[in-house]
Amino acid sequence: MKKDIKDFKGDGGKYILAKMKKFNEGNPDAKKQGNTAGFKRAIVWGMAIHSATDTYAHSAQIGGNRIGHTVDYATNADNPDYRNGRYTDAQAVARQMMAKYISGDDLVARDLLMPGGFTVTYELMEYGR
């Protein structure tokens, strides 16, 4: 994917488009999609939203203990019901980002922060400290 992004103006966009069409074979709109600037914009924004929301699954902790991929799905980082505030907060961040995407405005760092700036049932890990 790193190479695809680097080459996005060339073959990278075509590669992603081909994969998207393969995974959506039954969708007639997917068949019509071209390797346009709008398509590329949507892919980059989708990756940004995915990365931002993944923070709430993979960089969350409770009392300094990271929420990881446990054998017990009930306490697993990928379970949206475990400390469900993580999922609610990730949705709020995704909505903020989508509002910027739809309006055509630039994304800024504060758009990646959960509204209110605090968590209740978990904490986000701080890196670099």
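Predicted model: local features only at pLDDT ≥ 70, side-chain atom pairs only at ≥ 80, totals over all residues.

Biologist: What does the secondary structure of the chain come to?

Modeller: Five helices and three strands, in the order α-α-α-α-β-β-α-β along the sequence. Those are DSSP runs numbered from the N terminus: helices are H or I with at least four residues, strands E with at least two.

Biologist: And the largest pocket, what volume does it have?

Modeller: About 170 Å³. The lining has 13 residues, and the closest to the pocket centre are Thr55, Tyr56, Leu112, Leu113 and Leu124. A pocket here is an open set of points on a 1 Å grid over the protein atoms alone where a 1.4 Å probe fits, with protein on both sides within 12 Å along at least five of seven lines; lining residues have an atom within 4 Å of a point. The volume is the space filled by probe spheres set on the points, which are joined across faces, edges and corners.

Biologist: Which helix gives the most to that lining?

Modeller: α4, with three residues.

Biologist: Switching topic: how many aromatic pairs are there?

Modeller: Two. In one of them, tyrosine 56 and tyrosine 122 have ring centres 6.4 Å apart and planes at 85°, so the pair is edge-to-face. Tyrosine 56 is in helix α4 and tyrosine 122 in the loop between α5 (85-103) and β3 (123-124), 66 residues apart. The rule is centres within 6.5 Å for rings of Phe, Tyr and Trp (its six-membered ring), with planes under 30 degrees apart stacked, over 60 edge-to-face and the rest tilted.

Biologist: Where is serine 59, and what does serine 59 touch?

Modeller: Serine 59 sits in the loop between α4 (37-58) and β1 (60-62) and is buried at 12%. Leaving out residues up to four places away in sequence, serine 59 touches Asp54, Arg66, Glu123, Leu124, Met125 and Tyr127, a contact being heavy atoms within 4.5 Å.

Biologist: What about glycine 46, where is that?

Modeller: Glycine 46 is in helix α4 and partly exposed, at 36% relative accessibility.

Key:
Residues numbered from 1 in each chain as written. Heavy atoms only, no water. Buried < 20%, exposed > 50% of the residue type's maximum accessible area, 1.4 Å probe, protein only.
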